[in-house]
Amino acid sequence: MVFQPETLDFERSPYTGLVRESWIEAGEYLLKGIFGNIKSFDDPVVMPRKETKVTYPHSADAIWEQKAEYFEGLARSFFIAAPLIHDNPGLTVCGYSMRDYYKNQVLRICAKDDPYSAGRYEEMQERSGDYLRCFQQTVETCALVICLWLCKPEIWDAYTKEEKDIIADFLTGYANGNTVPQNWRLFNMLDMAFLHMEGYPIKKEIMLEHAQAILHYYAGDGWYRDGQSFDYYSCWAFNVYAPLWNLWYGYENAPWLAEKFEEYSNRLMETYGDFFDRDGFTNMWGRSNIYRNAATSAFDGNMMLKKWTADPGLSRRICSGSLMQFLGREDFLYKGVPTLGFYGQFTPLVQGYSCAESPFWLGKAFLCLHLPKEHPFWTAKENNGTWERLGEKETKVTVLDGPALCFSNHGANGETILRTGKVVKAASDVHGMWNYSKLCFNTKYPWEAGPLANGSVESQQYVLHDLDQDSYEPCNVTFWHGQREEVLYRRQFFNYRLETETHWNQAMNLADIVVPCGVLRVDKLRLFKQNVELTLGAYGFPDNGTQVIEKKEGNARAIVLKGKDFTGRDRQLAMTVYDGWEEISLLHSEGTNPDSERSVVVYAKTARKKHYGNEAHILISQVITKESAEDFSDDEIFPIRSVTYTDPEGQGSYGPVTVLLKDGAQRVVDFSGMEGRLCL
C-alpha cells in the first residue's frame, strides 16, 4: 500500500501539499512497516530479505555479519525514529514504545556480553586477526550518535552514569580505530565529537588528522571526491556530517576548518537544487542507490550551520518531491520495509556491503524533522526554483569542472539529465559502469542494467565488439574536458588498462549538445585498430505495452516508443541516428529495468572493417524523451538541418564539424585541444 498523507496544505506547499505533519505521518508509516516484523520487545531490527545471494549475512554461520546487521538495523531505523521520539516522547508503534525500545536496544548493542551486542572494536580486531581492518560497525556508530543527539532528552539523558559509560566505551573503540580513508573518516570524527560534548576524553590528534583529510577531499562547487568517484556520498555524508561536526565540535575547537566546511556547504547550495527535476525526483546514479532520497539530507545539513544559505521553500519542495518519488509507489516496500532496489527489488544495483536493513539510510531525509515547526524550512512557501523561470523550450545547463558534473534542466519535459566524467572503473566491473559510466543519467529513466543481447548492447553506453577476438568491451573510464561554446566534451575508453599505453586503448571522443527534450551526440571514433562493430543504446524504456513507430527523413532514421511506466504515467522516447550509423533496432529484456519487469532498449549499430581505412569517423545520434502521449514533432525527432565537415571527403576525420539545427541554432564541434585538458 502506498503512503497517503492525511495532512495536506496546498497553500503553504503548492507543489506537493506536504508539510511537517505530513513528514511525521511518513515516518510513522515506515516505522509501522519495520515494527510489523518485530515479534517481541527484545528482538533486534532484523527485517525480511528478498535478495539473499549478494547482500550479507552470507551464511547462517556468519555470526559477526549477523552482529553487524543487528547494529545496521538499529542505527539506521533510528534515523527515522529519533526525531519522532523527540517530537512525541509517548510515540507507540505496533504496541511498542519507541522511546523504550530504542533506549533498551542501544544499550544492548553496546554491551559486552549481550547476545545482540554489535561487538566491541577490540573484540572485532582480535576475532578477525587483522589489526588494520575496518568494520561495518564504524558506519553505524555515527548514525547512533546522531540519533542520540536528536532525542537527547528522551533517551541519552535518561541513562544512568554507568549505562552512559558502557555506550561511551563502546564508541571510543570505533572512534579511535581504523577507518576507510574517504567519507568514513567523518564517522570517527562525529563519534569523537559526541564523546567530547558529553565530557569524555578524546584523542584530539586523531580528530585533527581526520578533519584535515576530509577538508582536502574537496573538489569544488560543494562536492568532495569520495575515493576515486563523485556521487551522492558527497551530499548525504560530507555535506551532512561536516555541518554536524561544526555544530558539535568545529565551531568552538577548530574554527578555521569549520569555516571551510560551512563555505563548501553553501557552495553546494548554489547549484544543488538544479540536480533534481521539476517533480523533485532524485536521479539514479552512483553506488548505494538503495538509499534513495537520502540525497536530500544535504539541505537539512546546510541549515545546521551558523550561516546557511539554502532556499527553504525550494529545499522542502525537493525533499517532499523526492520522498513521494519512492513512498508513492506500490513496489517500494517488501513485507513493509524498503526493497533492496531503487523502486522495487532490483538486484543488479545491490552491493555486497548491504543487508536488508541498509535501505533505512534513507532515514537521513527525516533528519529535517529536528528543525522546529517554526523554522523557515517548514514555514516558507514551496517554490520550484529554476523550473518556475524556465521557458517551455529552454534548457538550463550547469557545468561543474571540479567534480566533473554537468546537469541540464529541460523545460520541455521537466527532466534533469546528468552527464559525468572523472570515472575510473575496472574493465570487469559492470556494476560500477552502470552506476558511473552511462553517457547520461535521467531522473525519469533510471539506468538499465545489462548486458543485453549477450553483451553487445548497453543502455546509454557504447559497446565495442572486436570481431577478430570476438570480445565485447564497454567503456570503463571517462576523462573530462569540459564545456566550450555550448558543447560538452569528454573521452571514454573501452577496456582501459593502466598497464597499457593509452594509444593502445580504443576510445571515443564525446561531444554533447543539449536540445529541448534531450541530448544530441556528435561523437568521434578514436580507434587504432578496426574490424569492429559498435553499438549505442538509448535509455531503457519500461515495457507495459509499448507502441513502436519507425520514421525516416533523408538519411536519418528514428524509432519512437510510446507507453507507460510502472505507475501508469505516460512515457515517450525517440532515438534518431544520422551520419556514421548503419542501422537502428530494438531489444526486449526482462529483469534489467528498475521501473518495470519488462523493458525495451532502442540501439544503433555500425561497423568499421578497414584497418587504417578512412571510413566515417563521426557518429551522430539523438535521444529525446517526455512524459506525455502527445506526439513528438518531426522537427523534434529530426532536429538537424545540415552537417558540414572540414575534410573534403566528408568523413569527419579532421577539423570542426558544424551542425545547423532547424530552429536556427548552430553548434560547432571541434575536438582539437582535448589532449591538453583531459582530466580524471
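**Notebook: strands and backbone geometry**

I began with the sheet: β7, β8, β9 and β11, four strands in that order, make up an open sheet with antiparallel pairing. I then looked at its edges, where β7 (395-400) and β11 (441-442) each have a single partner strand, so one side of each lacks a neighbour in the sheet. I note that the model is predicted.

Within this sheet I examined the pairing of β8 and β9. Strand β8 (residues 405-410) runs antiparallel to strand β9 (residues 416-420), and five bridges join the two. Which residue in β9 is the bridge partner of Cys406? I found Arg419 in that position.

I next turned to the backbone in the loops. The peptide bond that leads from Tyr56 to Pro57 is cis, and its omega is near 0 degrees. I located Pro57 in the loop that connects α1 (20-35) with α2 (63-87).

Asp221 has a phi near 60 degrees, although the residue is not glycine. I placed Asp221 in the loop between β3 (218-220) and β4 (223-224). Is Asp221 buried or exposed? Its relative accessibility is 19%, and the cut-off for buried is under 20%, so Asp221 counts as buried.

Asp470 is another non-glycine residue with positive phi, here near 50 degrees. I found Asp470 in the loop between β12 (462-466) and β13 (471-484). With 52% relative accessibility, against a cut-off of over 50% for exposed, Asp470 therefore counts as exposed.

Key:
Residues numbered from 1 in each chain as written. Predicted model: local features only at pLDDT ≥ 70, side-chain atom pairs only at ≥ 80, totals over all residues. Heavy atoms only, no water. Buried < 20%, exposed > 50% of the residue type's maximum accessible area, 1.4 Å probe, protein only. Pairing = 2+ DSSP bridges.
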